[in-house]
Each structure stands twice: as C-alpha cells, then as structure tokens.
Amino acid sequence: MGRKFFVGGNWKCNGTIEEVKKIVTTLNEAEVPSEDVVEVVVSPPFVFLPFVKSLLRSDFQVAAQNCWVRKGGAFTGEISAEMLVNLGVPWVILGHSERRALLNEANEFVGDKVAYALSQGLKVIACVGETLEQRESGSTVAVVAAQTKAIADKVSNWAHIVLAYEPVWAIGTGKVATPAQAQEVHFELRKWLHDNAGAEVAASTRIIYGGSVNGANCKELAAQPDVDGFLVGGASLKPEFIDIAKSATVKKNV
C-alpha cells in the first residue's frame, strides 16, 4: 500500500502578523506536487491558527502545536482538542521533544494526549526521538520503542497518526541524522509496529523524519524506503520549505 508523502512545517514559537502573512503568501504562490503526491500541513502558534487557516490555500492544512490531555475546563493556559475541532483545525502535533524536555511530558502523558485527540476527531503527528546521550549509549531503538509503546498502549486505530522521528540531538543544531541513520531508526520503528500493532498498521503508517531538514539534504533523506516525509522546523519559516515539499517527487523515482 502506498504511503502518501507528508511534509509538516512546525513554526514553533515564532512570528508576527506581518511575518505570518509573508510566509502564507509564499506558500500560496508556490508550485508544489499535487495533493495525491504530497500532504502539506503547517503548524503556526495557537494565536495565528484561525488567521493562517483563513488565508492558506485549500490544498494545505493547518496543525496545532499541542493540545490538552482531556476535556477542557479549569486548565488555565491550555487549549482543548474540542476547541481545535470547533475551529476546523484538522491536525495536532503531540509529544514534541521540546515539550517532553522543557515541560516534562512523560511517555504515558503523551500517549494519553494522542488517544484523547484522536477520540475527538483530530489527526495526530506524534513525535518520538532520542537524546545524544541515549544515542551514544546505544539505546536509541529502546527509547523510541518505549515512546511508541506508550502510544500503542492507548490507541488501537493508527489510521490518523503520523509518527515523527526527531532525534533530539539534530533539532535546531544543524546536525542531521545521515540518510542511513534515519532509515535505520525508521526501519526499526516500522518493525516495532509490525510486531506490536500488526502488519497493516506497519505498512500504512507514515513515519516522517525531523531534525535540521533543509532544501539541501531533503532529497537524499526522502529517497530512503522507510522515510515517508518530514517534520520541518526552522526551514518551515523560509521559502526552502517548498523545496522540501517538492522532494516528495523523489518517491516516484525510487
């Protein structure tokens, strides 16, 4: 079964109204492969979500960068899955390493978040990835397997989950996992899904790579058999995001 290439742009905590307008204009004017070749989703900060959604071309979608673990209520500063659904926001990023590290989001908490978001009708970009210390100690596969298991323990249907492998040591550092390193972990993640969630889930779930992806390295990464797209950080604020979206065409030639 073919897995449609997926390119997500995580704008993180960046942008002014003027900058956001400029980014959206660039996206709207860009020539990218058709929707049947690549799915493009951009994730602005919460405050810009409705604004971006109202201006953005119809073949691109928006994602929130986080949402609360259960129904809304007395949770000051949080945004609920229900609110996102009400705004017509189809996607949410959950478990990003910055939130795991800076806000102490544990594997089980992320698993609960994914399950709740799915239950409300959102589609989820679920992030996993190891630190430099974990990689150097040889525990990469164990770490990402544990992070994935915490999601699998709460979720039976993977149809609306995209798994994003983001090695923490490569995020915003300029260090990129080599295509071979990325492929190795993606292969292990798919194998884990095969053994624990079933062959169909493993074959159909998109596993995307994140960590200093840019216009220069995206094609070589995209050519790897188990790399189904990208979650782009810094480069998603620049015109080269379009080049990354265009790397989807590499899959046709593999």
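**Entry 1: β2 and its neighbours**

I started at the β-α-β unit made by β2, helix α2 (residues 49-55) and β3, and noted it as right-handed. I'm working on a predicted model, so everything below should be read that way. Three bridges join β2 to strand β3 (residues 60-64), and the two run parallel. I looked up the partner of Val-41 across that pairing and found Gln-61 in β3.

Then I went to the other pairing of β2, with strand β1 (residues 5-10): six bridges, again parallel. Phe-5 stands opposite Val-38 in β2 there. The chain gets from β1 to β2 through helix α1 (residues 17-29), and I logged this β-α-β crossover as right-handed.

**Entry 2: how enclosed is β2?**

How many residues of strand β2 (residues 38-43) are buried? I got six of the six, so the strand is largely enclosed by the rest of the structure.

**Entry 3: helix α5**

Next I checked the length of α5 (residues 107-119). Its 13 residues reach 18 Å from the first C-alpha to the last, close to the 18 Å expected at 1.5 Å a residue.

For burial along α5, I listed Val-110, Gly-111, Lys-113, Val-114, Tyr-116 and Ala-117. The spacing made me recall that an α-helix has 3.6 residues a turn, so residues three or four places apart point the same way.

What do the buried residues of α5 pack against? On the helix side I noted α3 (81-86), α4 (97-102) and α7 (140-152). On the strand side I noted β4 (91-94), β5 (123-128) and β6 (161-165). Just after α5, I found Gly-121 with a positive phi of about 100°.

**Entry 4: the cores**

I turned to the largest nonpolar core, which has 69 residues. Which of them touch the most other members? My list reads Leu-27, Val-52, Val-92, Val-114, Tyr-209 and Phe-230. Helix α8 (residues 179-197) gives the most to this core, with five residues. I also wrote down a second, separate core of 11 residues, which includes Phe-6, Ala-63, Cys-127 and Val-162.

Ala-117 was already on my list of buried α5 residues.

Technical notes
Residues numbered from 1 in each chain as written. Predicted model: local features only at pLDDT ≥ 70, side-chain atom pairs only at ≥ 80, totals over all residues. Heavy atoms only, no water. Helix = DSSP H or I, 4+ residues; strand = E, 2+ residues; numbered from the N terminus. Expected span 1.5 Å × (residues − 1). Buried < 20%, exposed > 50% of the residue type's maximum accessible area, 1.4 Å probe, protein only. Contact = heavy atoms within 4.5 Å. Pairing = 2+ DSSP bridges. Right-handed = clockwise from strand over helix to strand, strands pointing away. Core = buried A, V, L, I, M, F, W, Y, C linked by side-chain atoms within 4.5 Å.
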